[in-house]
Amino acid sequence: MAHKTMTGGTAYAVTGGRTMTGGTAYGISGGRTMAGGTLYDVPFSNGLTLTLEGSGESGTCYIEIDGKKYVSSASSPLKVAPGTEVYCYVSAISAYGIYYNNRYVSETGRNSEFYYFYPTKDATIQFNLASDYSSAWIYIHD
C-alpha cells in the first residue's frame with residue numbers, strides 16, 4: 001500500500017520522488033508519522049502484511065482497522081501501511097487479555113480489554129476464543 005498525497009481534492013499514490021528545498025532537489029524515500037504519541041519512520045513501501053490466525057467473534061475477540069472488524073484467518077493476509085492503527089479487543093466470562101511479543105499489553109475496560117497496535121513491520125495476529133466464551137486472547141508477534 002503506497003502513501004497518498006492530495007492535490008486538488010484527488011488522492012494520488014506516492015512511491016517515492018524528489019523535493020526541492022532552497023533551490024536544491026533531494027530524493028525522498030520515506031517520511032515520518034506520529035501515532036499514539038510516538039514518532040515512527042515510514043519508508044515508502046508496498047505495505048506491511050498482517051497474517052491472521054485462529055478465530056474470534058465480532059463482539060468478543062476481534063481487531064478493527066479503519067472501522068472494519070476482522071475476526072478470523074479467512075480475512076488473511078491483510079495489507080496495511082506502516083503505522084496504521086489496529087484496535088484489538090477481547091471480552092470473556094473469566095479470562096482475557098492481549099499480548100504483544102509475549103508481553104501483556106492490554107488496557108482494562110469494563111469486562112473487557114483493548115490495545116492499540118501500530119505495526120512497523122510484518123506481524124501475525126492470533127485469535128484464541130474458547131467455544132464457551134470463558135476466555136478470549138489476542139497474541140501479536142512481529
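Mentor: Start with a definition: helices (H or I, at least four residues) and strands (E, at least two) are DSSP runs, numbered from the N terminus. By that count the chain has 0 helices and 17 strands. The model is predicted, so local features need pLDDT of at least 70, side-chain atom pairs count only at pLDDT 80 or more, and totals for chains, interfaces and linings use all residues. Residues are numbered from 1 along each chain as its sequence is written, and side-chain values use heavy atoms, with hydrogens and water left out.

Now the cysteines. A disulfide is a covalent bond between the sulfur atoms of two cysteines. Here it is called when a pair of cysteine sulfur atoms lies within 2.5 Å. The count comes to 0 disulfides. C61 is in none, and its nearest cysteine sulfur, that of C88, is 9.4 Å away.

C61 has 0% relative accessibility, so C61 counts as buried. C88 is also at 0%, so C88 counts as buried too. Across the 142 residues of the chain, 37% count as buried.

Next, the aromatic residues. Rings of Phe, Tyr and Trp (its six-membered ring) pair if their centres lie within 6.5 Å; planes under 30 degrees apart count as stacked, over 60 as edge-to-face and the rest as tilted. The whole structure holds 11 aromatic pairs. One aromatic cluster is made of Y62, Y87, Y89, F114 and Y116. Y62 also has a charge over its ring: the charged end of K69 sits 4.4 Å from the ring centre. The rule asks for NZ of Lys or CZ of Arg within 6 Å of the ring centre and within 35 degrees of the ring normal.

Move on to S72. This residue lies in the loop between β9 (68–70) and β10 (78–80). S72 is buried, with a relative accessible area of 17%. Leaving aside neighbours within four places in sequence, S72 is in contact (heavy atoms within 4.5 Å) with L52, G54, S55 and F127.

Last, β10 itself. Strands pair if DSSP finds at least two bridges between them. An open sheet of 6 strands runs in the order β10-β7-β16-β17-β12-β13, with mixed pairing. β10 and β13 (103–104) stand at the edges with a single partner strand each, so one side of each has no neighbour in the sheet.

Note on methods. Buried < 20%, exposed > 50% of the residue type's maximum accessible area, 1.4 Å probe, protein only.
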